[in-house]
Each structure stands twice: as structure tokens, then as C-alpha cells.
Amino acid sequence: MFNGSRTSIRSRSRLNFSQPELNNGQRRHKPDHWILIYTLVLLVVGLVLIYSISPALADTTGTSANYFIFKQLLAVGLALVAFLITAKIPLSKWRKNYKWLMAAAILATLVAIALPVNPNYPAHRWVRFAGLSFESVEMLIFAILIWFAHFLALRIKNGSIKSFAKTVKPILAALLIIGGVVAIIQSDLGSTGVIIAMMGVMVFVAGMPMKRIAIVASLVVGLGVVAILAFPYRMARLETFLHPSANCQSTGYQACQALIAVGSGGATGLGLGSDVQAYGYLPEADNDSIFAIYAEKFGFIGSVILLAVFASLFWRIAKVAEGAPDDFSRLIVIGVLTWISTETLINIGAMIGLLPLKGITLPFISYGGTSVVFFAAAVGLVYQISRYTSHVSSRSIEHLSRRAGINDYSSHGRRIGGAYNSDLSGRS
Amino acid sequence: MPVTLSSKLTSGPGRIRIWSVLLVAVLALFGLRLFYLQIIRYGHYKQAALSDQLKQYQIPATRGIIEAEDGSSDVPIVLNQELYTLFADPLFIKKPNQVADQISQIIGGNPSTYASELSAKNTQYVVIANKLTQSQNQKITNLQDPGLDTQGQDYRVYPDGSLASQVLGFVNNNGVGEYGIEQALNPILAGKPGLLKAITDVNGVPLAASKDNTQIPPTPGKNIVLTLNLGMQQQLETILANEYKATKSQGLSAIVINPYNGHVKAMANYPTYNPADYTQVSNQSLFQNAAVDYPIEPGSIMKTLTTSAALNVGAITPNESFFDPAQWVIDGFTIHDIKQDGGAREQNIQSILALSLNTGATWMLMQMSQPGGTQITSKGIVTWHNYMVSHFLLGQPTGIEQGYEATGYVPPANLGDPSINLRYANTAFGQGVSITAIQLVAALSSVLNGGTYYQPTLVDKIISPNGQVSINKPKVLERNVVKPQVGQELIPLMEGVVKAYLNGGFSFMNFPSNYIVGGKTGTAQVASPSGGYYSNIFNGSYIGFVGGNKPQYAIIVYNIKPSVPGYAGSYGAQPVFADIVHMLINEGYIDPKS
């Protein structure tokens with residue numbers, strides 16, 4: 001499906017970027033199909049879960065039995081389209097147009113904030129149009145991913161990554177704006193956390209000195225504490241998290257029911273069609289709580305397999321990051337990895353009582369079109385980049401780079417060295 | 001420039017590895033946590049899940065119906081009818097106004113009220129209407145609206161309206177009998193509900209088959225056939241309603257009982273109520289069957305039992321005469337007759353009953369103390385106490401199948417009490433004791449039938465759901481209440497009372513000569529809550545029998561605080577008795593003398 005077409009290579013070569021090393025001249029090989037396979041496995045798990053709890057969802061929401069599965073099938077269809085788009089359209093184009101992406105995301109965010117809330121959409125997070133709803137923050141994260149990778153790659157290139165004025169200050173400003181809009185106006189602390197984690201790991205990988213990172217981190221933590229203390233409902237959530245069983249009938253209801261769902265699954269689970277908690281006991285069974293429903297159905301064995309699938313996906317993406325051909329794509333991949341993994345960890349952590357509830361979806365599995373589409377788009381970027389990885393491990397790069405100019409580029413932009421090693425040819 | 005790339009990112013791949021190892025480590029930690037939750041703590045969470053999810057439901061058992069004799073066959077007087085509760089899940093109601101109009105067309109009512117109920121927020125269960133009929137239910141079902149549902153429930157229906165309501169009692173909204181037969185025989189009528197244990201959704205709707213589901217089918221209740229004769233009951237209730245007005249009564253009770261087996265043939269009180277509308281009754285005392293749960297000081301009708309006891313112990317003979325001083329001073333108090341006609345003179349047993357001489361009743365207690373004596377002694381007190389409590393079973397529930405049967409009160413034979421003689425002299429003419437109508441008529445029945453105390457009963461037969469009939473055999477509580485001859489001696493004495501009243505101008509006491517009718521009036525002082533007795537308020541009572549060759553029915557009447565131009569017994573209770581006897585004779589309930 002993704003066997004390269006000549007047009008795409010040509011179009012890449014025509015790009016007139018100021019960074020000639022970007023993709024240009026990188027040897028194309030087969031993408032990492034495992035990334036696609038793991039993603040599809042997770043999407044299918046999500047569809048099966050949502051289909052199996054459809055009767056319960058219909059029962060508690062007053063919709064027809066097939067409403068949820070049809071909407072989710074549509075979402076998965078859109079997600080595959082999004083994947084194709086991001087996998088096909090060259091990364092350089094995404095980078096070139098980061099301002100437009102950012103503008104669109106900001107516009108979507110402003111529309112979401114401007115739209116009045118209603119009982120079904122209690123926070124300023126959704127853009128609703130013609131019966132469809134769209135969560136603006138997912139688009140914002142995607143736009144931040146591209147912009148920030150560009151921002152950091154540029155700083156790396158011109159050697160100002162350690163500069164306080166040129167790098168740290170803009171990052172702090174961005175964090176303040178994002179925190180103010182997403183955490184306070186949209187009251188979406190979970191997504192804010194995901195964005196901060198994503199940017200943080202990108203900065204970390206970009207090679208910012210630990211001292212600088214520590215300064216920024218302490219500021220972020222300080223603001224985070226303020227963001228929690230300033231809002232009573234967040235304090236209540238924290239209190240609930242710290243003493244879950246004391247609040248089982250009130251604020252801790254969802255947390256308790258999630259633990260009951262997970263624990264009562266036992267070793268092998270109740271079976272696909274025999275779960276109970278989705279029938280009104282566990283709120284958000286199709287969404288934030290879907291891991292608990294999964295754990296109830298498939299038990300410890302099934303849950304560990306699911307964790308293993310996530311771990312494998314993360315590991316493959318990390319491998320792509322390690323072998324990424326340039327700073328920008330490396331940062332994109334690490335951003336995607338952090339985005340997906342943080343949401344996964346926050347979501348599952350809450351379901352098993354290790355983290356407070358945050359209203360964060362489980363990537364690829366939770367019901368909800370926006371989340372599925374943008375995760376698929378993010379994976380599409382990684383998939384595209386996985387065509388251009390150099391298979392040399394980071395250790396050997398360092399090892400070789402000490403001996404010779406292995407990372408030197410030829411005059412027409414081809415890298416000399418590793419990419420042409422014979423052990424690589426087996427990969428393509 | 002290309003050279004700088006690697007040096008700028010030297011830390012990059014290492015840091016990527018740190019991050020990816022960290023991610024996998026956290027996922028591994030999650031795995032450990034899952035092991036703790038799903039393996040180690042599985043039992044705890046399974047239990048927690050079941051305590052939320054596993055709910056027990058009673059499957060209601062069909063309640064037994066109640067029948068009674070009507071002519072030659074048994075007919076139902078309490079039936080079940082399935083009525084339906086209409087409820088809605090507003091979540092599924094897409095067009096509340098339209099649905100409200102449809103509902104209103106079927107069951108009436110205000111569509112806008114329904115519309116607001118159908119659009120209720122934050123609930124998935126709203127009761128729209130109760131007690132829909134079968135056809136209304138069918139029409140609602142035909143709407144096929146996914147947001148509407150109905151639930152059938154059995155309600156009691158009463159084809160005869162208020163007939164025998166206080167004997168029957170009613171069934172409350174929880175399906176539990178209250179008052180009367182419904183309460184007393186609730187376990188038999190109710191049957192045994194079945195049990196459904198099922199895993200349910202959060203609203204309690206059972207989910208599809210689960211291995212944790214169990215079901216025990218219900219056992220239907222048994223049908224009960226009462227001893228009541230419906231025709232007689234109907235007539236008795238009419239009599240009470242009329243006499244209630246005529247005597248300006250504050251409460252009227254009467255019992256017609258077969259003295260040979262304890263079967264109550266009619267038992268009624270006035271005022272009464274319709275059990276179908278029990279929820280609209282504000283005065284809860286209407287639910288009470290006063291004939292069994294309202295003990296009073298019965299007054300002089302007690303003298304029939306005093307006479308029986310004295311005859312039985314041989315203290316007196318039926319024809320014995322004595323000098324009545326018209327008053328006795330006992331424990332410093334003077335007992336005299338309510339009817340002070342004639343003053344001190346020679347009297348006999350017949351005249352004690354006919355004139356209702358309290359001095360005579362006291363004299364009989366003196367004879368039980370010491371034949372020929374004029375003192376009350378401990379022997380007399382102990383003897384009379386023993387007769388009241390152990391022979392006539394007064395001051396204790398009879399065990400008739402009624403809710404809230406009263407105990408009544410007989411003073412203990414406490415010989416240390418300085419006024420015990422006075423206290424017991426009072427009991428000899430029915431004051432200072434508290435006795436229900438059913439206790440007294442059951443006791444007299446035992447004398448009339450020759451000395452066997454049958455437990456009064458309302459239950460003739462119990463019919464199992466499979467059709468098996470179990471006859472309620474007469475239950476003997478006491479075999480030797482009195483010797484058989486005492487009944488034979490008392491019957492003419494009580495007939496003499498009726499004749500005396502007839503001769504005294506009570507023309508309604510004139511009965512056909514081929515029937516025997518005997519009786520005794522009672523005019524009882526009413527104790528004041530502040531101590532002592534009211535001087536101008538009396539309860540009227542009457543006890544008697546009617547039959548041909550032998551007494552066929554014993555009858556008792558309690559008339560609470562009637563307002564009549566004479567003694568409450570003679571003018572308040574006696575006319576009721578006369579009405580009942582005339583009715584029984586006229587309607588052919590009595591076999592005449594052969």
C-alpha cells in the first residue's frame with residue numbers, strides 16, 4: 001500500500017527548505033509495518049469492545065443499539081484516511097505549513113471556547129457542527145507537535161538550544177498560554193498534562209541541559225499545584241484519589257467502580273459478552289473507563305496482553321525515533337510517542353487506582369472520533385518517517401562518529417556512512 | 001554544518017532510550033498492579049461486584065381469594081384483579097408532547113402533566129399512572145413506544161362493596177394484609193413469593209442468563225371460605241346501619257354465632273368502610289372490627305354467666321328465692337340496683353335476670369362464697385375468678401382469625417386488695433371487667449350447648465391451589481365449662497327475661513311461639529379517664545339466643561353510648577337484638593320447634 005510512488009520522491013526533492021539535510025537524499029526503505037499492525041490491533045480491540053457494550057450503552061443513553069458502533073466505525077474509517085494522508089504527504093510539507101496548522105488549531109480552540117456549553121458538552125472543549133462534534137484539543141496537540149518539533153529542530157540547527165532567551169523563554173511563554181487556555185478556560189488539566197509531557201520529552205530529547213529542564217519543570221510543577229489548588233473540583237478529585245474507598249458513593253464512585261470492574265475480571269475475565277459494569281455501574285464505560293471494561297471482560301491475561309501491545313507499539317516508535325534521519329523527524333516521532341504513551345498511562349493508571357481520574361481517553365480504543373482520527377494521523381507521521389530510518393543504533397553512531405565523519409553529508413546531501421552499511425540493505 | 005548535527009544530538013538517542021525504557025517500566029508496573037487487583041484481590045472485588053450487581057427480587061405469589069356461603073353455594077367476596085402501572089423512561093421519549101397526547105387519549109388526564117413527566121431529566125423511571133385496566137394496558141402496549149412500559153400488579157376487588165369489610169380487612173400496597181382476615185391469615189392467603197436472584201443493570205433490570213442467576217417459583221396463596229352467611233351478614237349490616245341512626249349510637253357491633261361449633265355466621269359493626277377505597281379512609285378506627293377488638297365493661301349481660309357459674313357449683317338452684325335488701329354495703333361502698341323497682345323484698349333467680357338486680361348478682365357471688373351467706377369471701381372470689389378466666393375464658397383473646405383481637409381484662413383474685421370484695425361484687429354484674437363481644441358470646445355459647453367452649457371461628461374451609469379442600473374442624477378449648485344441665489336451666493331463665501320485657505311493654509320482643517328466644521340486657525356504666533364513672537353516659541349491651549328445639553344461634557349486641565330515652569340496654573341494644581331475631585326467623589334461618 002505504501003510502496004513509494006515516484007511522484008512523492010520527486011515532490012520531496014523539489015522542496016526548497018533551508019535545511020538541506022531534511023529527508024533529502026535519505027534512502028527509502030520499507031516502513032515499519034509493525035507500527036501499523038499494532039495500531040490496527042488496538043483499533044479492532046476498540047471496535048469489538050464498543051460493539052460488545054452497545055446494548056448497555058443503548059440502555060443507559062436512550063439510543064439505538066447500533067448507534068455507537070456505527071459512529072465508531074465511521075471514526076475508524078476517517079482515522080484510516082487521516083493515516084493515509086499523514087503517511088503520504090511528505091513530512092517537509094507538514095513542517096512548511098506548521099503555521100497554517102497552528103492557525104487552524106487556534107481557530108478551532110477559539111470556536112470551542114465561544115460555543116455555549118450544554119448538558120451534553122459541559123466544558124468549552126467541543127466544536128459542534130451539523131450533529132457532529134469535534135474535540136479541538138486533539139487538533140491543538142497535533143499542531144503543537146509539528147510546531148514544537150520545528151521550533152526545537154531550528155534551535156538545534158543554529159546552536160541556540162541551550163539559550164535561555166532564544167529557547168527557554170519562548171517555551172515558557174508557550175506553556176503559559178497553553179496552560180491558561182486549555183487548563184483554565186477549557187478546564188482540561190488532563191490534556192494540558194499531555195501537552196506539557198509531550199513538549200517536555202521533546203525538549204529533553206532535543207538535548208537541552210538538565211539544569212534548564214529542571215528550572216522549567218519546577219515552574220510547571222508550581223503552576224500545576226496552583227491549577228489544582230485553585231479549583232475545588234480538582235481538589236476533590238485529588239482527595240478522592242487519595243482516599244478512594246471513603247468516597248465510593250459520591251466523588252469516588254467512578255474510581256471505585258473501575259477497580260471493581262478490573263478486580264472482578266479475575267485471571268481470565270467474565271468473557272466478551274458477560275460483563276456487567278458497563279450496564280450503568282461504571283460511568284464513561286465507552287470512553288475514559290473502557291480499559292476497566294476490557295479488564296473485566298478479559299481478565300489479567302487479556303489485560304497484560306493489551307499492555308504488551310501498547311508496550312510493543314511504544315518500543316517500535318522509540319526505535320523509529322532512535323533511527324530518525326534528522327532532528328525534526330526525530331522530534332516528531334518522540335512527540336507522537338509521548339503523546340500516545342502519556343494518554344495511555346494516564347488513562348490506565350486511573351483505572352487501576354494508581355492515578356487520579358483525568359478525563360483522558362485510551363488511545364485507539366476509547367469511543368470518540370476526534371481522538372481516534374488524530375492518533376491515527378500521528379501514527380501516520382511516524383509510519384512515514386520509519387521509511388527513512390538508519391538502522392545503526394545510537395551507540396554505534398556515537399562509536400563511529402568518534403572515529404570518522406560518518407555523519408558527514410556529501411555535497412548533494414547524501415549521508416556518508418551508516419546508511420549504506422551492508423546490514424541495512426537486508427532491511428529494504 | 002552537517003557535522004554539528006551529531007554533536008547537537010549526541011544526547012538524543014540516549015535520552016530516547018531512557019524515555020522508552022521508562023515507558024515500558026511503567027507498563028510493567030501496571031502489569032504488577034493488575035496482578036494485585038485481578039489475582040490477589042480477586043475475591044474482594046468479585047464480592048464487591050456481586051453486592052452491587054446481584055439483586056434479589058420477590059416474584060409475587062397470587063393471593064388467595066376469600067369466599068363465603070351464600071344460599072347453598074360459596075361465592076367470592078374478595079377477588080384479585082390485575083391492574084397496571086404505567087411508567088416511562090424519559091431518555092427514550094423523543095416527542096414528549098405527542099406521547100403525552102396519546103396517553104391522555106387512552107387513560108384520560110392532563111396531557112401537559114404527562115408531557116412534563118415524560119421530559120423529566122436525570123431519571124430513567126417515572127411513574128405516569130396507576131391502576132390501568134387490562135384494555136388500557138393493551139392500548140398503551142400497542143403504541144409500541146420504547147420509552148413506555150407497564151407493570152401488572154394484583155389488586156383486591158370487592159364485588160359486594162363494603163360488605164363484611166371490617167371482618168375482611170384489606171391488602172396494603174406492599175401486598176400485606178391489614179386488619180381482619182387478611183391480616184390474621186396473611187401467611188395462608190399470601191402464599192410464598194418466589195425468588196429471583198439475578199445480575200442486573202444499575203437500574204435493577206436483570207441481565208441475560210448468568211450463572212449467578214437463580215429462580216424459585218412462587219407458591220400461590222390458598223383460598224379461604226368463611227363461615228359467614230352472606231345473606232345474613234347483609235341483613236345484619238342493614239339492621240346495624242338503621243339502629244345506629246335510631247339509637248343515636250356512637251358505634252354498634254353485633255355477632256351471630258352457632259353455639260355448637262363456634263362458627264360466626266354474621267359479624268358486623270357500624271360505621272364501616274369500603275376496603276376498595278381504604279386509602280381514602282381518614283379515620284383509622286373504621287378499619288377495626290370492634291366486635292373482637294373493642295372490649296368494654298359489658299354490664300348486666302354478665303349476669304347470665306354469674307348465674308351459670310353459681311348454678312354449676314351448686315350455690316343456687318334455678319327456682320331459689322331470697323330476700324333482696326335492695327342494697328349491700330361492701331368494703332364501705334353501697335351496691336344498689338340501677339333498677340330500684342320495688343325496694344327490699346323477696347326475689348328469685350328469674351327476677352334477678354328479668355329486673356337485672358345488681359344486688360341479686362352480688363347475692364349469687366355471696367352464695368358461691370357460702371351458701372345461705374350474705375358475705376363475699378375469698379372462696380367466692382377464687383371460684384368466680386376461676387370461672388371467668390378458666391371456664392368462660394374471659395379476659396383473653398379467643399383466637400378468632402382477626403387482626404388485632406383484644407385481650408380484655410379480668411381483675412386478678414388478689415385477696416390482699418382491701419377492696420377486692422367490692423371489685424368482685426362489681427364483676428358479678430359486669431362492671432370492673434373489660435370484655436369483647438366475641439369473648440362474651442363465645443362464653444355464653446358454651447353454656448347453651450351444654451358445656452363445650454368452641455373457639456369462635458370465621459373459617460369454614462381452606463382450599464389449596466391444587467383444589468384440595470381442608471375443612472376447618474371446630475376446635476374445643478374447654479370441655480367442661482359447666483354441666484349440661486346448667487344450659488338447660490339457663491335457657492328458660494333467659495326466655496323469661498324476654499317474656500318479662502314483652503309484658504313490660506316492649507312489643508318488639510314478641511316472637512312467634514314456635515321459636516325459643518332468650519336474652520339479657522345490659523346497661524353499663526362507662527369509666528371516665530379521669531377516674532370513676534360518667535353519670536349520664538352508658539353503653540348498651542344485649543346477649544341472647546334464638547332457636548327451635550334448642551338455641552340455634554347465640555347473638556350479642558354492643559351499642560356504644562347510644563342516646564335513648566331509657567336504659568341503654570333495654571332501649572339501645574335490645575331493639576337491635578329483636579331486629580336480628582325477627583330477621584333470622586323471617587328469612588328462614590331458624591328451624592322452628594318440631
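What follows is a request about one hairpin and a connected reply. Which residues of strand E14 (residues 327-330) of chain B point to one face and are buried, and which point to the other?

Reply: First, a caution. This is a predicted model. The scores are ipTM 0.84 and pTM 0.64. Chain B averages a pLDDT of 91, and 96% of its residues score at least 70.

Now the strand. The side chains of E14(B) alternate. Trp328(B) and Ile330(B) point to one face and are buried.

E14(B) has a partner. It is strand E15 (residues 333-336) of chain B, joined to E14(B) by 4 bridges. The two run antiparallel. Across the pair, Trp328(B) stands opposite Ile335(B). Together E14(B) and E15(B) form a hairpin, with 2 residues between the strands. In the turn, Asp331(B) has a positive phi of about 50°.

Gly332(B) is 87 residues from Ser419(B) in sequence, yet their C-alpha atoms are 8.7 Å apart in space. Ser419(B) sits in the loop between helix H15 (378-391) and helix H16 (420-428) of chain B. Ser419(B) counts as partly exposed because it has 13 C-beta neighbours inside 10 Å.

Ala500(B) belongs to helix H18 (residues 484-503) of chain B. It has 16 other C-beta atoms within 10 Å, so Ala500(B) is partly exposed.

Helix H12 (residues 303-312) of chain B is another matter. Here 10 of the 10 residues are buried, so the helix is largely enclosed by the rest of the structure. The buried residues include Lys303(B), Leu305(B), Ser308(B), Leu311(B) and Asn312(B). After H12(B) comes Gly314(B), whose phi is positive, near 80°.

Chain B also has an open sheet of 3 strands. Their order is E1-E8-E9, with antiparallel pairing. Strand E1 (54-59) and strand E9 (214-216) stand at the edges of this chain B sheet. Each has a single partner strand, so one side of each is left without a neighbour in the sheet. The twist averages 20° from one strand to the next. Strand E8 (residues 194-199) of chain B is joined to E1(B) by 6 bridges, and the two run antiparallel. Within that pairing, Ile59(B) stands opposite Gly194(B).

On to chain A. Its secondary structure comes to 17 helices and 2 strands. The chain has 428 residues, of which 52% count as buried. Take its contacts between residues at least 6 apart in sequence: 71% join residues at least 24 apart.

Two helix pairs show the packing in chain A. In one, helix H8 (residues 164-185) and helix H10 (residues 210-229) of chain A pack at an angle of about 20°, with their axes 11 Å apart. That angle makes H8(A) roughly parallel to H10(A). Residues of H8(A) in the contact include Val168(A), Ile171(A), Leu175(A) and Gly179(A). From H10(A), the contributors include Arg212(A), Val216(A), Leu219(A) and Leu223(A). The crossing of these two helices, H8(A) and H10(A), is right-handed.

In the other, helix H9 (residues 189-206) and helix H14 (residues 327-351) of chain A have axes that come within 9 Å and cross at roughly 140°. That makes H9(A) oblique to H14(A). The H9(A) side of the contact includes Gly190(A), Gly193(A), Ala197(A) and Met202(A). The H14(A) side includes Leu331(A), Gly335(A), Trp339(A) and Glu343(A). The crossing of H9(A) and H14(A) is right-handed.

Notes. Residues are numbered from 1 along each chain as its sequence is written. Chains are lettered from A and ligands numbered from 1 in the order in which they are written. Two strands pair if DSSP finds at least two bridges between them. Axes are lines fitted to C-alpha atoms, for helices over the stretch in contact, and angles run from 0 to 180 degrees between N-to-C directions. pLDDT is the predictor's confidence in each residue, from 0 to 100. A residue is buried if 20 or more other C-beta atoms lie within 10 Å of its own, exposed if 12 or fewer, and partly exposed in between; C-beta atoms are placed from the backbone. Angles under 35 degrees count as roughly parallel, over 145 as roughly antiparallel, 65 to 115 as roughly perpendicular and the rest as oblique. A crossing is left-handed if the near helix is turned anticlockwise from the far one by less than a right angle, and right-handed if clockwise. Two residues are in contact if their C-beta atoms, placed from the backbone, lie within 7 Å.
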